[in-house]
Amino acid sequence: MCYNAKVNLVYNFILMEVLMKKIVALSLLLAVSLLAAVGFAYAQADGEITIGVFEPVTGENGGGGFQEVLGVRYANQVYPEITVGGKTYKINLFEVDNKSDKTEAVTAAQNLVSKNVTAVVGSYGSGVSIAAGEIFADAMIPAMGASCTNPQVTFGNDFYFRVAFLDPFQGTVMANYAFQNGAKKAAVITQLGDDYSSGLGSFFTNAFVALAGEDGIVAQEQFQTNQTDFKAILGNIKAADPDVIFAPSSIVTASLIIKQARELGITAQIMGGDTWENATIIDNAGADAEGVVVSTFFDDAAPETEEARKFVEGFKPFLVENGQPEIIPAVAALSYDAYLALYRAMEQADSVDPVAIRDALTELEFEAVTGKIAFDENGDAIKDMAFIKVIEDGKFKFLQTVTVAE
């Protein structure tokens, strides 16, 4: 073979190798583009939109989070599609588990953003809601909280709203109730690092001191996440001899505190926040749960609106279908309302554009399950009433409604 022929052969070989590499690179690029297109199509297929469900279904708040998930699923069953801008859209749900953890909440929120969701419902637990807030705001996706009651969830965030009352209101309501029912000395138990627990405990403390004086709070104790033995802090509380113990905490912690308090012979009235309205507490604490008082958002025995009456009638069978007791959790009513708020905002905006939905929410007034709802300048529901319930004969029994003015 002559020299020139050898050179041409080598040149052609190199050229073929370069071409093959380019073909492989282009194939990979095309595959990535197709995957991205599929991901985008998931949320934005023609005639479909997706609402993200940002809730814990595992971890410390998994029980309450699942109740909110059921509320959203039922709302989607009642309102499965919407007609705006002359076009009808099917509404899909995309659920993520924030695992009751602030770090996991960030990942879950980013997952929702990557799915190009139109709006978000959630979350049960103020801490995870706060952690995700900036992500939703940066993506300009409106988020509607259900039972996340800490003021920091919506404060300074133009894209976060909520349908629940706030902890300053709830803490004051519970302090008013305790004082009006003869309590002059109170003890407060909160969880370190938990925004809901520490915030609500602080608001109760401030309100009770305003009523009973500086000596009204006789003990303030804190516990660690995942702690199961409360005998030491309860021993300190027993020595302080309070009339009431206010212990805003998770469902899991609640039954442990209740049982261990009674085992130590503490007879003080035990009270919790909205998270305690859960049948799991009665199941786990048993007879020791009798007499425990909670504040909550809704009473299914006395629905105030037409939406509430329809919800009570339809949601009880839905609970049974999903293997749940026929007891409507207030947080499920709230998550239904959270979905409905976004739905009504889309109607008012006549659009499924996320920013247009956000803008409509600022002026929205609508009839919900938990009453008539409108939002203030911070995105918080304007509410002035809470329901007080007591555990009696193994069930939550309505006692009274309370307002701050009272």
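How much space lies in the largest pocket? In this predicted model, local features need pLDDT of at least 70 and side-chain atom pairs count only at pLDDT 80 or more, while totals for chains, interfaces and linings use all residues. Residues are numbered from 1 along each chain as its sequence is written, and side-chain values use heavy atoms, without hydrogens and water.

The largest pocket holds about 540 Å³ of space. A pocket is an open set of points on a 1 Å grid over the protein atoms alone where a 1.4 Å probe fits, with protein on both sides within 12 Å along at least five of seven lines; lining residues have an atom within 4 Å of a point. The volume is the space filled by probe spheres set on the points, which are joined across faces, edges and corners. The lining comprises 28 residues, of which Ala279, Ile327, Ile328, Pro329 and Phe396 are the closest to the centre. At least two lining residues come from each of α2 (62-78), α9 (279-285), α10 (306-321), β14 (386-392) and β15 (395-402); helices (H or I, at least four residues) and strands (E, at least two) are DSSP runs numbered from the N terminus. This lining has 12 nonpolar, six polar and 10 charged residues, where Ala, Val, Leu, Ile, Met, Phe, Trp, Tyr, Cys and Pro count as nonpolar, Asp, Glu, Lys and Arg as charged, and the others, Gly among them, as polar.

In the second largest pocket, the space is about 330 Å³. Its 24 lining residues include Glu60, Asn61, Ser100, Gly127 and Asp194, the closest to its centre. Five lining residues are nonpolar, 14 polar and five charged.
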